[in-house]
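Hello,

Here is the structure I promised to pass on to you. Have a look at it first, and then read my notes below.

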Amino acid sequence: MAVPEEGAAPDVVLAQTTVDDEAGARRLARGAVEARLAACAHVDPPLTAVYRWRGAVETATEWRVSYKTTTARLAALGAWVAREHPYDVPEWIALPVTARSEAYAAWVVAETAEESGENTPEHTAG
């Protein structure tokens, strides 16, 4: 694993949202990858969310979608998720990836490029 130099902006980020059904989570995951806004998206198994909404504490079952993207594509991915998401106020957070292999980072950058990434590694796990 390589660690970026101190103070360097990470070129890979992990962005997340949650949604209330598995089909919606799969749609959000696949759509972002098809649009080259994320190199990969994981849909996690259902989880229990406890949150405050409009003055009441609520409990719901949700699926988390985690996107691997670049800092350069993060704003476009966030705008796309905001348009496609069914919630009034969807979760949208992004975390810097502070350690990663250079090969993986290169794959994420290539797969999120607006141009077709023909020179990408043949197989990389998300």
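In which helix do Tyr104 and Trp107 both lie? They are in helix α3 (residues 102-111), three residues apart, which is about one turn of the helix. Helices here are DSSP runs of H or I with at least four residues, strands are runs of E with at least two, and both are numbered from the N terminus.

Before you go further, please note that this is a predicted model, where local features need pLDDT of at least 70 and side-chain atom pairs count only at pLDDT 80 or more, while totals for chains, interfaces and linings use all residues. Residues are numbered from 1 along each chain as its sequence is written, and side-chain values use heavy atoms, with hydrogens and water left out.

Aromatic rings

A pair of aromatic rings is described by the distance of the centres and the angle of the planes. Rings of Phe, Tyr and Trp (its six-membered ring) pair if their centres lie within 6.5 Å; planes under 30 degrees apart are stacked, over 60 edge-to-face, and the rest tilted. By this rule there are two aromatic pairs. In one, the ring centres of Tyr67 and Trp92 are 6.1 Å apart and the planes are at 55 degrees, so this pair is tilted. Tyr67 lies in strand β4 and Trp92 in the loop between α2 and β5 (93-96), so the pair ties together parts that are 25 residues apart in sequence. Tyr67 is buried, with a relative accessible area of 0%, whereas Trp92 is partly exposed at 31%. (Buried means under 20% relative accessible area, exposed over 50%, and partly exposed in between, with a 1.4 Å probe and protein chains only.) Tyr104 and Trp107 form a tilted pair too, 5.5 Å centre to centre with 45 degrees between the planes. Tyr104 and Trp107 are both buried.

The nonpolar cores

A nonpolar core is a set of buried Ala, Val, Leu, Ile, Met, Phe, Trp, Tyr and Cys residues joined through side-chain atoms within 4.5 Å. The largest one has 17 residues, and Ala32, Val65, Tyr67, Leu77 and Trp80 touch the most other members. Who supplies this core? At least two residues each come from β1 (12-19), α1 (22-34), β4 (56-70) and α2 (71-84). Apart from it lies another core of eight residues, including Val12 and Tyr104.

Salt bridges

Side chains of opposite charge can pair when their charged atoms come close. A salt bridge needs a side-chain nitrogen of Lys or Arg within 4 Å of a carboxyl oxygen of Asp or Glu, and the whole structure has seven. Here are three of them to find on your screen:

- Arg26 with Glu22: the closest N and O atoms are 3.0 Å apart. Both residues are in helix α1, four residues apart, so about one helical turn separates them.
- Asp44 with Arg64: the N to O distance is 2.9 Å. This pair links distant parts of the chain, with Asp44 in the loop between β2 (40-43) and β3 and Arg64 in strand β4, 20 residues apart.
- Arg54 with Asp88: the closest N and O atoms are 3.5 Å apart. Arg54 is in the loop between β3 and β4 and Asp88 in the loop between α2 and β5, so parts 34 residues apart in sequence are tied together. Both Arg54 and Asp88 are exposed.

Enjoy exploring it!

Best wishes
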